[in-house]
Amino acid sequence: MTDSAGGPDLTKGGGGPQDDTPGGGPLVVVENVNKHFGDLHVLRDINLTVQRGEVVVVIGPSGSGKSTLCRSINRLEPIDSGKILIDGRELPKEGKELARLRSDVGMVFQSFNLFAHKTILENVTLGPVKVRKQDKQASEKHAMELLERVGIANQAHKYPAQLSGGQQQRVAIARSLAMKPKVMLFDEPTSALDPEMINEVLDVMTSLAREGMTMIVVTHEMGFARKAAQKVVFMADGQIVESNTPEEFFTNPQTERAQDFLSKILTH
Ligand SMILES: Nc1ncnc2c1ncn2[C@@H]1O[C@H](COP(=O)(O)OP(=O)(O)OP(=O)(O)O)[C@@H](O)[C@H]1O
Ligand SMILES: [Mg+2]
């Protein structure tokens, strides 16, 4: 189903308005980022660099700041200090430029957040037509290719409630890809799914990774991390405590925090 042969290349921007950015160099740079929620220091001097085509898995205990980091990278959350660069550019704080640059960063959440009263096809074309101001027909053609790619083209005219959770999450991925993002963020994309649906979503993500999409993925799915990621970042208490290859991290965690965390998730 998700064999990458023959499908459209999901990683190419294809001449969208984002093509005027510098190119070369890392795609995401997070530099000395700090963030508080009131007294709570949730991101403590975070530094993270993600190269083009790199897949970084972020893991760590609940409350360690994984979601906040993702949301900050997408500017859904303002940061207190530090810098976040996407393809060499700092995201502006607000305005049109922010909307345009934000669509360079696709995001898929645990909850699929599809528009209930729009069809699957409409859900996927909405962003390109409204935000990217793309031609409706061209957007529909591209949307159908993406739905084909995630294995649900035959459901295009249904409504979200008529689909399974795994299918809805695949639509959410297609919807993000329709904006031709440069980097995709996934925040626990499979943790709301029934076990039998987890793999169909991970398969789509794995082939996306193989095709060269730059990805930051918050997940505890170690099979995915080993198969698809170049780097695992372990967070605890708002800090990046370890950063290593999946192989090294899972077989030889350096810190007690990571050892303790792994022993807990491995026994599940
Ligand atoms: N909007 C908010 N207002 C206040 N505190 C928040 C807010 N969002 C998150 N927090 C707090 O910030 C800390 C980090 O939360 P975050 O959601 O980033 O953790 P997480 O690593 O994603 O956890 P989980 O694995 O449970 O999803 C937690 O202590 C959380 O309670
Ligand atoms: Mg979270």
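**Salt bridges and helix packing**

Modeller: Let's start with arginine 226 and glutamate 247, whose side chains meet in a salt bridge, 3.0 Å from N to O. Keep in mind that this is a predicted model.

Biologist: Where do arginine 226 and glutamate 247 sit in the chain?

Modeller: Arginine 226 is in helix 7 (residues 222-228) and glutamate 247 is in helix 8 (residues 246-251). They are 21 residues apart, and the pair links distant parts of the chain.

Biologist: And how exposed is arginine 226?

Modeller: Arginine 226 is partly exposed, because its relative accessible area of 43% falls between the 20% and 50% cut-offs. Glutamate 247 is partly exposed as well, with a relative accessible area of 46%.

Biologist: How many salt bridges does the count come to?

Modeller: The count comes to 13 salt bridges. One of them is between arginine 149 and glutamate 211, with the closest N and O atoms 2.6 Å apart.

Biologist: Why does the pair of arginine 149 and glutamate 211 tie parts of the chain together?

Modeller: Arginine 149 lies in helix 4 (residues 136-149), while glutamate 211 is in the loop between helix 6 (195-210) and strand 8 (214-218), so the pair ties together parts that are 62 residues apart in sequence.

Biologist: Is arginine 149 buried or exposed?

Modeller: Arginine 149 is buried, and glutamate 211 is too.

Biologist: What about arginine 71 and glutamate 77, how do their side chains meet?

Modeller: They meet in a salt bridge at 3.4 Å, N to O. Arginine 71 is partly exposed at 28% relative accessible area, whereas glutamate 77 is buried at 14%.

Biologist: OK, on to packing. At what angle do helix 3 and helix 5 pack?

Modeller: Helix 3 (residues 120-130) and helix 5 (residues 165-177) pack at about 25°, and their axes are 8 Å apart. That angle is under 35 degrees, so helix 3 counts as roughly parallel to helix 5.

Biologist: Is that crossing of helix 3 and helix 5 left-handed or right-handed?

Modeller: Right-handed, for helix 3 and helix 5.

Biologist: Which residues meet there, between helix 3 and helix 5?

Modeller: From helix 3 you have Ile120, Asn123 and Val124, and they meet Val171, Ala174 and Arg175 of helix 5. By class, the contact of helix 3 with helix 5 has four nonpolar residues, one polar and one charged.

Biologist: How do helix 5 and helix 6 pack?

Modeller: Helix 5 and helix 6 pack at about 20°, with axes 8 Å apart, and are therefore roughly parallel to each other. Helix 5 passes helix 6 in a right-handed crossing.

Biologist: Last one: where is valine 217 found?

Modeller: Valine 217 is in strand 8. It is buried, with a relative accessible area of 0%.

Biologist: What is valine 217 in contact with, leaving aside its neighbours within four places in sequence?

Modeller: With those neighbours left aside, valine 217 is in contact with Val55, Val56, Val57, Val58, Phe186, Met205 and Phe224. As for valine 232, its C-alpha is 9.5 Å from that of valine 217, and the two residues are 15 apart in sequence.

Terms used
Residues numbered from 1 in each chain as written. Chains lettered and ligands numbered in written order. Predicted model: local features only at pLDDT ≥ 70, side-chain atom pairs only at ≥ 80, totals over all residues. Heavy atoms only, no water. Salt bridge = Lys/Arg side-chain N within 4 Å of Asp/Glu carboxyl O. Buried < 20%, exposed > 50% of the residue type's maximum accessible area, 1.4 Å probe, protein only. Helix = DSSP H or I, 4+ residues; strand = E, 2+ residues; numbered from the N terminus. Axes fitted to C-alpha atoms, helices over the stretch in contact; angles between N-to-C directions. Parallel < 35°, antiparallel > 145°, perpendicular 65-115°, else oblique. Left-handed = near helix turned anticlockwise from the far one by under 90°. Contact = heavy atoms within 4.5 Å. Nonpolar A, V, L, I, M, F, W, Y, C, P; charged D, E, K, R; others polar.
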